Amino acid sequence: LFQILSSPLSRREHGYDAVVLLALLVNYRKYESVNPYIVKLSIVDDEATLNGMGLVITQALSEYNRQYKDKEEEHQSGFFSALTNMVGSMFIADADEKISVQTNEAILLALYEAVHLNRNFITVLAQSHPEMGLMTTPASPIPATPVTPLGTTPPSSDVISSAELPLDADVQTSNLLITFLKYSSIVMQDTKDEHRLHSGKLCLIILTCIAEDQYANAFLHDDNMNFRVNLHRMPMRHRKKAADKNLPCRPLVCAVLDLMVEFIVTHMMKEFPMDLYVRCIQIVHKLLCYQKKCRVRLHYTWRELWSALINLLKFLMSNETVLLAKHNIFTLALMVVNLFNMFITYGDTFLPTPSSYDELYYEIIRMHQNFDNLYSMVLRLSTNAGQWKEPASKVTHALVNIRAIINHFNPKIESYAAVNHISQLSEDQVLEVVRSNYDTLTLKLQDGLDQYERYSEQHKEAAFFKELVRSISINVRKNLAFNTLSQELLLKEFSTIS
């Protein structure tokens, strides 16, 4: 299989099947016995093989993204009639003609195993190549290449053959990670049916592995590797569709954070995907831990994240009874509050400017009603002797610094308004009060904010992967077209495997 992946000719013919087969073999009884494929995959360090595998995954995901984009454009222009046929029937129009896409879990599983098992594969994620499936000239001239992508070595010409990737001056440079982020932004939009929920979960598990990896974090946060990443955003009534042309070139971690913010904002619904929210917040936390540890000052619009998190808390409170019937919402509330604690305690080590630290305080004060309500709610439940006593009291303790900030600054702001006879203070005036009253604020030092439990598949995720592999193998079996498999040729070609 590795030999097929390392040769451009055989890869073009059989690469996709080889990658899917490899993913299935790696998962064969992996919890019951020592699986030799796991061992083999984890030690591969041959560049041609790893790049070959990366290319196959990139092409499969790119093809999916491209078809989705075409479908979306067709849908918008009112020609939503033809069902496109790709690897079986990929697009299905349901009653309200929503663009629905059959997800490709087999390729995602292969990407997961490569990222999870093989440290060398992490470098493949950042390999630059022209964006696949976008070989048409854009209408308006956009700067095509990222700003000085240092540290990205394009795969050598024998790894990518020109037939696979036509080069075009107008094509944006991309890499596997960008393609995967775009794919995730499509899949994670709709988590209502089981397949898409599984795909969304798998995307978040892959991102969790990436967010924990030191090397991956180094290129995610690299200021010399800036890209425009055009994520799919769910159409929502209360926001305008963002224009793609104004996308800034930024380090890739910004796109990961954008994807997390997008998920947080768009999934507050009755069928609350609690598990996905927990993973989402964990990914943000892991990225912040890296930034704090390495003192990376990321120029990101943190305000969007803060407001998304506050709205999430608001949602948890207003749907308390419905949600508590199914979930322990306090674990999620605690994680969100601790993200704020991370910013309050260590923000000066990773926020881009002193004024962004002021903005954090402004946001907490501006939205103080939500934190007050959360405190009342957890206090109520932690004083009762019910099942939520312990998890609710943890949130009570975690809120200590946020409440200290609110209780310290609010009276100061009110007296400033009274002295100057202003009924409504502007943002600048509030920030002025905040800046001049830092020195009298007392905060408690909280332990363990920058610690996290590393991802482990064995016990926690075993049931999920068993079920996933079962559904993938059924699907693969269903879609195998035996008449196209030129097995004799392949056997002849690889009759002497070195």
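Predicted model: local features only at pLDDT ≥ 70, side-chain atom pairs only at ≥ 80, totals over all residues.

Biologist: What makes Glu-63 and Arg-66 a salt bridge?

Modeller: The cut-off is a side-chain nitrogen of Lys or Arg within 4 Å of a carboxyl oxygen of Asp or Glu. For Glu-63 and Arg-66, the closest N and O atoms are 2.7 Å apart, so the pair passes.

Biologist: How are Glu-63 and Arg-66 placed in helix α4?

Modeller: They sit three residues apart in α4 (residues 47–76), so about one helical turn separates them.

Biologist: Why do such side chains pair at all?

Modeller: Opposite charges can pair when the charged atoms come close.

Biologist: How do you know that Arg-279 and Asp-275 form a salt bridge?

Modeller: Their N to O distance is 3.1 Å, and the limit is 4 Å, so they count. These two are four residues apart in helix α11 (residues 274–294), again about one helical turn.

Biologist: Is Arg-279 buried or exposed?

Modeller: Buried: its relative accessible area is 8%, and the cut-off is under 20%. Asp-275 has 33%, which makes it partly exposed. Both also belong to a network of salt bridges that links them with Lys-201 and Glu-461.

Biologist: What makes Arg-366 and Glu-363 a salt bridge?

Modeller: The closest N and O atoms are 2.6 Å apart, so the pair meets the 4 Å limit. Within helix α15, Arg-366 and Glu-363 are three residues apart, or about one helical turn. Glu-363 is buried at 3%, while Arg-366 is partly exposed at 45%.

Biologist: How many salt bridges are there in the whole structure?

Modeller: A search of the whole structure gives 23.

Biologist: Which residues of helix α19 are buried?

Modeller: In α19 (residues 427–436), the buried ones are Val-430, Leu-431, Val-433 and Val-434. They cover an arc of only 160° around the axis, so they lie on the same side of α19.

Biologist: And what covers those buried residues of α19?

Modeller: Among the elements covering them are α15 (354–366) and α18 (400–419).

Notes: Residues numbered from 1 in each chain as written. Heavy atoms only, no water. Buried < 20%, exposed > 50% of the residue type's maximum accessible area, 1.4 Å probe, protein only. Arc of directions from axis to C-beta. Contact = heavy atoms within 4.5 Å.
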